[in-house]
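Let's walk through this structure together, one feature at a time. Keep the view open as you read.

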Amino acid sequence: MSPGLIALVVVLVVTTAFGLWRRNTDGRFQSVQSPQQPAGERLSADELGAELGVRATLVQFSSAFCAPCRTARVVLGDVAANTPGVTHVEIAAEDQIELIRRFDVRRTPTLLVLDAAGRVRHRATGAPDRAAVLAALATVAG
Amino acid sequence: MSTTTNSVSATRSGSLIDPRGPRFGAAITTVVLAVVLLTSSSWLLAVQAIVFGLGAIVGLSAQPYGVVYRRLVRPRLAPPRELEESAPPRFAQGVGLAFAVAGLAGYLGGVSTLGTIAVALALGAAFLNAAFNFCLGCEMYLLGRRLFSRQ
């Protein structure tokens with residue numbers, strides 16, 4: 001086998017596995033309770049550059065070159081507009097390097113669901129569907 | 001309520017496009033780069049580099065595969081369900097150009113391993129885009145900013 005053929009097969013196998021894995025994990029909210037991200041870590045209104053939602057805040061880290069950010073913006077904006085006490089705040093990740101290092105944001109969109117006190121309760125990467133956002137919000141109510 | 005902070009709105013200045021155009025282009029790119037890998041053809045890689053360059057430097061409207069899509073494919077399809085910003089796929093064309101140039105340097109400079117690796121990486125990115133609508137270069141952008149920023 002030529003090196004080119006070997007490279008072709010390796011690339012197709014690796015990228016297919018990676019793509020399938022991403023398709024399975026994108027847009028899924030996870031409860032935040034890991035050692036890297038201690039539950040209860042807070043984001044303040046100052047850090048956000050916007051007031052916290054009375055009930056919950058949907059934080060979206062976006063970047064300039066990010067197609068799914070637009071989808072996420074539409075979904076989260078719609079949920080916020082139709083759910084009393086819930087706000088949507090979008091942050092330009094490349095302008096907030098300190099913040100993305102602190103929250104270990106590696107790709108966009110990264111989404112955080114904050115409770116009324118600004119504590120991070122759920123986290124997702126990739127564009128979620130409406131049902132996933134509502135399910136995550138439901139556990140934050142109170 | 002929806003709030004946009006900082007410069008997000010400034011980054012949304014690109015025009016909106018049919019997202020199936022760049023994916024169609026990525027599928028053709030995948031096939032072209034697969035042929036390049038199998039034949040080590042410098043001239044075919046040079047053609048692909050020009051295609052990338054037109055898309056990145058002039059814009060997506062000048063990208064030849066995009067032109068084929070709009071003239072021949074799009075008229076046969078239903079209108080797109082949603083539109084997409086043009087900045088991410090244009091950025092991806094620039095990343096593709098960089099890898100194509102590196103590949104050409106490898107093939108023409110007699111370092112065929114460099115050529116193979118550069119073309120293989122570009123092929124992987126094009127395939128991810130075509131098959132999964134995933135923009136590898138776009139994700140590298142944020143990681144790069146995070147790694148190299150001193151803020």
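How many nonpolar, polar and charged residues does the lining of the largest cavity have? By class, that lining has seven nonpolar, two polar and two charged residues, where Ala, Val, Leu, Ile, Met, Phe, Trp, Tyr, Cys and Pro count as nonpolar, Asp, Glu, Lys and Arg as charged, and the others, Gly among them, as polar.

Before going on, a word on what you're looking at: this is a predicted model, in which local features need pLDDT of at least 70 and side-chain atom pairs count only at pLDDT 80 or more, while totals for chains, interfaces and linings use all residues. Residues are numbered from 1 along each chain as its sequence is written, chains are lettered from A and ligands numbered from 1 in the order in which they are written, and side-chain values use heavy atoms, with hydrogens and water left out.

Back to the cavity. A cavity here is a set of points, on a 1 Å grid over the protein atoms alone, where a 1.4 Å probe fits but cannot get out, and lining residues have an atom within 4 Å of a point. Two cavities of 30 Å³ or more turn up, and the largest holds about 100 Å³ of space, taken as the space filled by probe spheres set on points joined across faces, edges and corners. Its lining includes A:Ala67 along with B:Pro19, B:Arg23, B:Glu84 and B:Phe134. Helix H1 (20-39) and helix H4 (87-108) of chain B are the elements that give two or more residues to this lining; helices (H or I, at least four residues) and strands (E, at least two) are DSSP runs, numbered from the N terminus.

Now for chain A. You'll find five helices and five strands there, running α-β-α-β-α-β-α-β-β-α from the N terminus on. The C-alpha trace of chain A spans about 65 × 30 × 30 Å along its principal axes. Of the 142 residues in chain A, 50% are buried (under 20% relative accessible area, with exposed over 50% and partly exposed in between; 1.4 Å probe, protein chains only).

On to the charges. Side chains of opposite charge can pair when their charged atoms come close. Over all chains there are 14 salt bridges, each a side-chain nitrogen of Lys or Arg within 4 Å of a carboxyl oxygen of Asp or Glu. One of them joins A:Arg102 to A:Glu47 at 2.6 Å, N to O. A:Arg102 sits in helix H4 (residues 97-102) and A:Glu47 in helix H2 (residues 45-48) of chain A, so this pair ties together parts that are 55 residues apart in sequence. A:Arg102 is partly exposed at 33% relative accessibility, and A:Glu47 is partly exposed at 31%.

Next, look at A:Arg107 and B:Glu139, whose closest N and O atoms are 3.1 Å apart in a salt bridge. This pair crosses between chains, from the loop between H4 and strand S4 (110-115) of chain A to helix H6 (residues 136-148) of chain B.

Chain B has a pair of its own to check: B:Asp18 and B:Arg74 meet in a salt bridge at 3.5 Å, N to O. B:Asp18 is buried, with a relative accessible area of 8%, whereas B:Arg74 is partly exposed at 33%.

Terms used
1 Å grid on protein atoms, 1.4 Å probe; cavity = no way out; pocket = protein on both sides within 12 Å on 5 of 7 lines; lining within 4 Å.
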